[in-house]
Amino acid sequence: ERLLPDQWKDLLQQSRLEREELSSGAISSSTVVLSHFREYLKLVSGQLKFFATRFSSLDNANQKKQAILSTRSALRLGSSCLSLGEEEARKSLQQESVQNCLSHKWLCQILAQKSMDAKTRILAGQFLCNLVTGNTECSNVLLSFVHAEPPLEQVQQRLRDVLEHDEKTVADETLSPNWVDLLIVTGSSGNRTLLSAILAALYNALVASVAVGDQNVTDEQQKQIADLASSRLFVSNLIRHLVSSKQIINEQKDTFDDGEDDDDATTFISHVLMFFLMHGHLSSIYESIAPLSTILPEHVALLYCVRAEIEDTLNKSGSVQVFVSETVSVESMSFLARVYSTVRDSLDSDSLDDGQKSLGNAILNQIRDIIGFYMGVDDARTSMIRQKTLGAESSIVVEMSHDLARVYDSVSTRNQGAQAREIALTMEEQHALVSLVRALGNLSFQCKHNQDLIRTTLVPPAAGSQERSAFHVLISTTSLSHKCFTLREWGLVALRYLVENNQENQQVLADLEAQQPVKSAELGSMGIRVDLDAKGNVKVVPTTGKKLDTLPE
């Protein structure tokens, strides 16, 4: 016989009292409490099963109301039972609820029902999250039970149902539970609180599933993670809920990170995406959205998550190592270099409209930001990637050099004849210039290969100018510093990194200062000059008395 709502409330109150007494020491042994809680969880599972399988068949509104109220209280009781402070006790209760009572099965059925009461579904999502948090065994059960996307035959049946105008709102027990359905049903309701609860359950399950250490993750666990990361339906639905259409439009105006629409759902979507990326699935996720040559808003959103995570980690800890291993770091940076080359080639095509070109430039900016921030910290891993992955084995330094010349020439042509303080720079141009100078500068840090490459890479001459290298162009960008202070700072850093321990670059810079092919007034307007000592060493020194060591590294 099912319990009435008031009876569930009494059990909830009793569970809270027992938990408090155990915590305060009023009850010396947890054995009795655990025994009671296991019985409570069995009752909870029974109520969930009834609600998931028989709620739709209830005849009148009063019966449905009683079922809803009872299920809500049962879910609160379940979460209360899992709130024990003692870790081992909590884990044993989680396993009782999942492995013996199958609560996760009934919760997933409740969450997949579009017409179900919203508050009940939120409580169900929160209970599901509590079932897997910090528990590897329970997390593996959930990830095995809920697939990435519905099987083909299930999709075909739904299409037939639509054609026959047979809309089914109740989850069939025989249907395959999957994350895509949960995202679609939740997303269509517009309930971001419910969405965040489901995503929290997924994220906590993923984290707990590898808590034993990556070297001990089974082949089955790796397959579960890989299936999710490579599911186009799952990834597309996940990213579509990350940001609003308004934010995607703002990204094209370089205001993507205004944070206006950030909420718990956005946070957990970012966490889920970064879990996949840090475990080596960047290429799988990116290409599951669309092939490299295709440019979509979802690509921008994905790369924004990567950039934000690296920048946030750098600001908090001074480290940029968001990837689990050197191998994953190398593969991820190598893939970004490939994306950069492919998108650049696509932008040269006449087949793209203005919107696609704007998205393509946003992708390039995000990749330059990612590389610029990632290369901004010197350690063994970033040094190897700088020297090899993004140096000797990649064309990205040459490509960025040409891009810098293109942006600089566009700005210079438009502002021809204008005084330094009259120069006009759009936000897009400022972002592009800063990201390029920062990336090229940090890629040159203690890397002679990249230093030399920037000096020897010839870029198309601007109208009426002589042949020039990327090094000349980078120095020339200093003339724009009046309109972009960040460009001045990164220009100083890049210039210092380019000439450090590089006699050839030092000599080129000294010749430029002496011959003035690039006006020395441009350097002077930044408050610096180039000095050549008796040994031929070039130093960038301030003319204002300000020490360079106060500048950002």
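Tutor: What follows goes from salt bridges to aromatic pairs and ends with a helix pair. Keep in mind that this is a predicted model.

Start with the salt bridges. The count comes to 19. Take Arg240 and Glu298. They form a salt bridge, and their closest N and O atoms are 3.3 Å apart. Arg240 belongs to helix α12 (residues 232–240), and Glu298 to helix α16 (residues 297–317), so this pair ties together parts that lie 58 residues apart in sequence. The two ends sit in unlike surroundings. Arg240 has a relative accessible area of 51%; the cut-off for exposed is over 50%, so Arg240 is exposed. Glu298 has 13% relative accessibility; buried means under 20%, so Glu298 counts as buried.

Stay with helix α16. Its Arg307 meets Asp369 in a salt bridge, at 3.6 Å from N to O. Asp369 lies in helix α18 (residues 354–374), so the pair joins parts that are 62 residues apart in sequence. Here both partners, Arg307 and Asp369, are buried. Arg307 and Asp369 are linked with Glu311 and Arg438 in a network of salt bridges.

Next, look at Glu429 and Arg414. This salt bridge has its closest N and O atoms 2.7 Å apart. Glu429 is in helix α21 (residues 427–444) and Arg414 is in helix α20 (residues 396–414), so the pair ties together parts 15 residues apart in sequence. Glu429 counts as buried, at 12% relative accessibility. Arg414 is partly exposed, with a relative accessible area of 43%.

Now turn to the rings. The count here is eight aromatic pairs. One of them is Tyr203 with Phe268. This pair is tilted, with 6.4 Å from centre to centre and 55° between the planes. It links distant parts of the chain: Tyr203 is in helix α10 (residues 192–209), Phe268 is in helix α14 (residues 264–278), and they are 65 residues apart. Tyr203 is partly exposed, at 22% relative accessibility. Phe268 is partly exposed too, with a relative accessible area of 21%.

Then compare Phe445 and Tyr497. Their ring centres are 4.9 Å apart. The planes stand at 65°, and the cut-off for edge-to-face is over 60, so this pair is edge-to-face. Phe445 lies in the loop between α21 and α22 (448–456), while Tyr497 lies in helix α24 (residues 485–499). The pair links distant parts of the chain, 52 residues apart. Both Phe445 and Tyr497 are buried. There is also a cluster to find: Phe234, Phe275 and Phe276 form one aromatic cluster.

Last comes the helix pair. Two packed helices are described by the angle between their axes and the distance between the axes. Find helix α5 (residues 103–111) and helix α6 (residues 118–132). Their axes come within 9 Å and cross at roughly 145°. The crossing of α5 and α6 is left-handed. Which residues meet? On the α5 side they are Ser103, His104, Leu107, Ile110 and Leu111. On the α6 side they are Arg121, Ala124, Gly125, Phe127, Leu128 and Leu131. The residues of this contact divide into seven nonpolar, three polar and one charged.

Conventions:
Residues are numbered from 1 along each chain as its sequence is written. This is a predicted model: local features need pLDDT of at least 70, side-chain atom pairs count only at pLDDT 80 or more; totals for chains, interfaces and linings use all residues. Side-chain values use heavy atoms; hydrogens and water are left out. Axes are lines fitted to C-alpha atoms, for helices over the stretch in contact, and angles run from 0 to 180 degrees between N-to-C directions. Helices (H or I, at least four residues) and strands (E, at least two) are DSSP runs, numbered from the N terminus. A crossing is left-handed if the near helix is turned anticlockwise from the far one by less than a right angle, and right-handed if clockwise. Contact means heavy atoms within 4.5 Å. Ala, Val, Leu, Ile, Met, Phe, Trp, Tyr, Cys and Pro count as nonpolar, Asp, Glu, Lys and Arg as charged, and the others, Gly among them, as polar. A salt bridge is a side-chain nitrogen of Lys or Arg within 4 Å of a carboxyl oxygen of Asp or Glu. Buried means under 20% relative accessible area, exposed over 50%, partly exposed in between (1.4 Å probe, protein chains only). Rings of Phe, Tyr and Trp (its six-membered ring) pair if their centres lie within 6.5 Å; planes under 30 degrees apart count as stacked, over 60 as edge-to-face and the rest as tilted.
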